[in-house]
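Subject: Structure handover

Hi,

Here is the structure I promised to pass on to you. Have a look at it first, and then read on for what I found in it.

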Amino acid sequence: MRSDPQILESREVWFRLLIGSWRGLAVDNPQTTRGDSASSWRRGLDAVRRGWWVVVIMALAGGIAGTFGSELQQSMYSSTAVLYVTSPTEGSTQSAYQGNLASQERVASYARLATSDTVLTHAIDKSGIGLSVSEARRELKTEVTPSTVLLSITATSPSAEQAATLVNAVAGSLSAYVSDIERPQSGGEPLARVTVVTPGQAVATRVSPHVVRNSMLGVLVGICLGVCFVVIRSRFDTTVRSGEDLRDVSEFPILGAVPSSGELSNGSNAEFSIGGGRVAESYRKLRANLGFSSVDDPPRVVMVTSATAGEGKSTTAANLAIALAESGCRTVLLDADFRRPTLVARFGLSGSIGFTDYLRGKASMRDLVQDTEVPRLSFVACGAIPPNPTELLNSERARLGIGELRELFEYVIIDSAPILAVSDSIFLIRSVDGILGVVRCGHVTTPSVKSFLNEVKSVNGVVCGIVLNDVDVSSGAAGYGYGYGYEADPEAAASASGVASG
């Protein structure tokens, strides 16, 4: 048989691939599986933590349903009679022992006789209870105590008096019937007797339904259903709630995570004085990570935008600019959101003239720069809102104006309109070094983020990274372990200030 070198080479390649695949299955995949399993557990726990109120409501609903259902059920009462089985003896120890064994052997048979038609018919006739034999049999239960000669008969009925009457009638009927069938044909004493030692009593405490047990069972079922609901819902929920949710739609790093805080409400900026707190520190971290996003050529002109409105892009742009100025860099903040400009109110400056005046050729860029209360931070307002924002931002003059700011300042931070809402920001991409995408947790969906990033990449935009906004720090939702913060000590800061001034 002729050997073809190409066939041999092909076999060798397939053999190597097979070995490599086996190694991957044996070594790599278990780690990946464990990692995915841990991630799924974390997501499940996060879903339960976020939807705790659903679990609580379902638990309360289950408890109420268990209680209400129990009250709708008919109350049942029980009564128990205890019977003692004996066999006659001749008085000797051996005879007594044999009699006891004989009695134990008879107890099981007598338990069956207690619900026989003959015994029940006689009991019903004697007591006058308006039950049929089958109905009486359903209400009775017999129990034999092992290794004893005791027989218990329990009757359960909607009435405590009826239960006691029925069980006592059956006990008496069984005792009489045993005496008849155990009496020798030649006459004399019966070979066995059944004696009622504890007659049934009418107990007013109901035995069913078990309200507490049913209520607790309803609570447990409600908790299980609530947990299943929130976990299943989280599987189909595409809302971005953590850094992990961005892993499948974004290959870009998370440069910062701004924690949820009332400090940024009502259009306020973070408190950077005297060290600041968690919010200010998150923007300092963003400033540092932005510089490391491209070590050899760090971005100097950065456009801050988002997929949709309300994600905090303007807040991020303003506080990033403050953080850069705090580090000693001359920084200018440009409001290029021609649809909803909000930065003027944050800094309490004039918005009558601004970038739109430059684009219409009515002012120079230098004349539009305003100083803010933050040292080394300048500001260029939007100006009058134009009727044609897209045409103005797509003009060559817009690119030249941003270039002028690049020459005047070390950093230019641009607040622009949401990319998926309008196309204004797309035309600014060619004038900037990088784009910072703001994603608000619990506000935007992963398809929206994916569309936003695809829009940027379609025009060859450079994405520096993602900023997670409104992060629940307690859950570690940032995706890279962000969860620390500090509060400055005013006394220590005052002491340091005194030393510095001295």
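In what follows, helices (H or I, at least four residues) and strands (E, at least two) are DSSP runs, numbered from the N terminus. On that basis the protein has 16 helices and 12 strands. Please keep in mind that this is a predicted model.

**Confidence**

The mean pLDDT of the protein is 82, and 83% of its residues reach 70 or more. Residues 92-97 have a pLDDT below 50, and beyond near neighbours in sequence this stretch has 3 contacts in the model. For residues 480-502 the pLDDT also stays under 50, while the model gives them 31 contacts beyond four places in sequence. Where pLDDT is low, the predicted coordinates should not be read in detail.

**The protein as a whole**

Of the 502 residues, 41% count as buried. Taking contacts between residues at least 6 apart in sequence, 79% join residues at least 24 apart. The protein exposes about 26600 Å², with carbon and sulfur atoms supplying 55% of it. The count of disulfides comes to 0. As for individual cysteines, cysteine 382 is buried because its relative accessible area is 1%, under the 20% cut-off. Cysteine 464 counts as buried too, at 9% relative accessibility.

**Helix α15**

Helix α15 covers residues 446-458. Which residues of α15 are buried? They are Thr446, Ser448, Val449, Phe452, Leu453 and Val456. These residues cover an arc of only 160° around the axis, and therefore lie on the same side of α15. An α-helix has 3.6 residues a turn, so residues three or four places apart point the same way. The buried residues of α15 pack against β6 (301-306), β11 (434-440) and β12 (463-471). Just after the helix, asparagine 460 takes a positive phi of about 60°.

**Helices α8 and α9**

Helix α8 (residues 278-292) has 15 residues, and from its first C-alpha to its last it reaches 21 Å, close to the 21 Å expected at 1.5 Å a residue. Its buried residues are Val279, Ala280, Glu281, Ser282, Tyr283, Arg284, Leu286 and Leu290. What covers them includes β5 (254-259), β6, α9 (313-326), β11 and β12.

Threonine 315 is found in α9. With a relative accessible area of 12%, threonine 315 is buried, because buried means under 20%. Leaving out residues up to four places away in sequence, threonine 315 touches Leu264, Tyr283 and Arg346.

**Methionine 76**

Where does methionine 76 lie? Methionine 76 is in the loop between α2 (52-72) and β1 (77-86). Its relative accessible area is 19%, so methionine 76 falls under the 20% cut-off and is buried. Not counting residues up to four places away in sequence, methionine 76 touches Thr156, Ser157, Pro158, Arg206, Val207 and Ser208. Methionine 76 and threonine 205 are 129 residues apart in sequence, yet 8.9 Å apart in space, C-alpha to C-alpha.

Happy to talk any of this through.

Best wishes

Definitions and conventions: Residues are numbered from 1 along each chain as its sequence is written. This is a predicted model: local features need pLDDT of at least 70, side-chain atom pairs count only at pLDDT 80 or more; totals for chains, interfaces and linings use all residues. Side-chain values use heavy atoms; hydrogens and water are left out. A disulfide is a pair of cysteine sulfur atoms within 2.5 Å. Buried means under 20% relative accessible area, exposed over 50%, partly exposed in between (1.4 Å probe, protein chains only). pLDDT is the predictor's confidence in each residue, from 0 to 100. Contact means heavy atoms within 4.5 Å. Accessible areas come from the Shrake-Rupley method with a 1.4 Å probe; for residues, only the protein chains shown count as cover. The expected span of a helix is 1.5 Å times one less than its number of residues. The arc is that of the directions from the helix axis to the C-beta atoms.
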